[in-house]
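Biologist: Could you take me through this structure before I set anything up with it? I would like to go from the overall fold to the packing.

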Amino acid sequence: SDCNVVSEVFQIQEHVRGETEEISFLQGVAKIFVEEKYFKPFLILNFLFFLMLFSGKFSINFYAVDIFKKAGGHMNEYLSAVISAFIHLIGSLLFIPLMKKFSRKFLLILSSFVMGVSLILLGVCMYTKSNHGMLMPSVYGYDWLPIVSIVMYMVAAPIGLCSIPFMFIAEFYPSELRSVLGGLTIAISNLELFIVVKTFPNMENWMGDHGVFWLYAAACFGAILFTLSYIPETKDKDLTVMNDKFARLRKEQRVSPWVSPLPSPSVNSIKKFQYKSQMFTN
């Protein structure tokens, strides 16, 4: 209809105007906290990055040699670190076909669940080893279990939780402020990465190895709940549709008390109505 054509033309004009309009960095930062269509995706994606970093992936990469040594495996710890990195590469290669076949949310949930379970098992192994198997004798003596847990963790991390948030930068943020929003997101995530890696030894001394891994597991399960609650599905979706979804996210649908305007009747419809009314009156 003519109304739909006019609406589409107006949307195209607004999109082109937003593309051509030059916005400075400070203006872009100010718009994030003023306009809801920028603030919601910025807040959601940055919290997802926070959960990704506190899932412990980068800390385990940095301190892999020490973790293997404390796990008590008979394999050389440096060789174990190389093998786990190779397994991580395999997980990254698996991400490509899985991304084309499955939805973003499914991969996020699956990856977070496997990572959380692996960290719980790794924490149980560390806890049992520190107590010499007194509390969990059934686990004590399985030296292969920490290695398997770390391998499972390294495979699952790039499949979803540690890869998809970077894709969301292009899919969540509107094109007119994507450079500003994406730059701020990466800057904040790098700061969080520094904090996570720097505080890992201190947290080990304070909570113990098992406590740190269980804390990281809690972040993984928190990512599952957050994905189910706030992350929209972006696979095969138009970017303008995604922007509209963020504008309506968590808004209550209320019935308007005002009568919706109706389109004006055409001349032919008026003539048909008059003709039918004459037939019934005659």
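Modeller: We can begin with the fold and then turn to helix packing, the core and a few individual residues. Please keep in mind that this is a predicted model.

Biologist: How many helices and strands does the protein have?

Modeller: There are 12 helices and zero strands. Along the sequence, the pattern reads α-α-α-α-α-α-α-α-α-α-α-α.

Biologist: And what share of the residues is buried?

Modeller: Of the 282 residues in the protein, 38% count as buried.

Biologist: Let us go to the nonpolar core. How many residues are in the largest one, and which have the most contacts inside it?

Modeller: The largest nonpolar core has 53 residues. Those with the most contacts inside it are L45, L48, M115, L119, F168, F213 and I231.

Biologist: Which elements give two or more residues to this core?

Modeller: They are α3, α4 (57–62), α5 (64–71), α6 (77–101), α7, α8 (144–156), α9 (164–172) and α10.

Biologist: Which of them gives the most?

Modeller: That is α10, with 14 residues in this core.

Biologist: Then tell me about α3. What span does it reach, and what would be expected?

Modeller: Helix α3 covers residues 36–53, which is 18 residues. From its first C-alpha to its last it reaches 26 Å, close to the 26 Å expected at 1.5 Å a residue.

Biologist: Which residues of α3 are buried?

Modeller: The buried residues of α3 are Y38, K40, P41, F42, I44, L45, N46, L48, F49, L51, M52 and L53. Two of these, L45 and L48, are also among the residues with the most contacts inside the largest nonpolar core.

Biologist: How do α3 and α10 sit relative to each other, parallel or antiparallel?

Modeller: Their axes come within 4 Å and cross at roughly 25 degrees. Angles under 35 degrees count as roughly parallel, and α3 and α10 are therefore roughly parallel to each other. By class, the contact of α3 with α10 has 18 nonpolar, four polar and one charged residues.

Biologist: What about α7 and α10, at what angle do they pack?

Modeller: Helix α7 (residues 104–130) and helix α10 (residues 178–230) pack at about 165 degrees, with their axes 8 Å apart. That angle makes α7 roughly antiparallel to α10. The crossing of these two helices is left-handed. Their contact has 20 nonpolar, five polar and two charged residues.

Biologist: And where does α9 come in, at what angle to α7?

Modeller: α7 and α9 pack at an angle of about 155 degrees, and their axes are 11 Å apart. This makes α7 roughly antiparallel to α9. α7 passes α9 in a left-handed crossing.

Biologist: Now the loops. Where is S55 found, and is S55 buried or exposed?

Modeller: S55 is in the loop between α3 and α4. At 0% relative accessibility, S55 counts as buried. Between S55 and W214 there are 159 residues of separation in sequence and 9.7 Å in space, C-alpha to C-alpha.

Biologist: And D236, buried or exposed?

Modeller: D236 counts as exposed, at 72% relative accessibility, because the cut-off for exposed is over 50%. D236 is found in the loop between α10 and α11 (239–248). The C-alpha atoms of D236 and K100 are separated by 9.9 Å, and these residues are 136 residues apart along the chain.

Definitions and conventions
Residues are numbered from 1 along each chain as its sequence is written. This is a predicted model: local features need pLDDT of at least 70, side-chain atom pairs count only at pLDDT 80 or more; totals for chains, interfaces and linings use all residues. Side-chain values use heavy atoms; hydrogens and water are left out. Axes are lines fitted to C-alpha atoms, for helices over the stretch in contact, and angles run from 0 to 180 degrees between N-to-C directions. Angles under 35 degrees count as roughly parallel, over 145 as roughly antiparallel, 65 to 115 as roughly perpendicular and the rest as oblique. A crossing is left-handed if the near helix is turned anticlockwise from the far one by less than a right angle, and right-handed if clockwise. Ala, Val, Leu, Ile, Met, Phe, Trp, Tyr, Cys and Pro count as nonpolar, Asp, Glu, Lys and Arg as charged, and the others, Gly among them, as polar. The expected span of a helix is 1.5 Å times one less than its number of residues. Buried means under 20% relative accessible area, exposed over 50%, partly exposed in between (1.4 Å probe, protein chains only). A nonpolar core is a set of buried Ala, Val, Leu, Ile, Met, Phe, Trp, Tyr and Cys residues joined through side-chain atoms within 4.5 Å.
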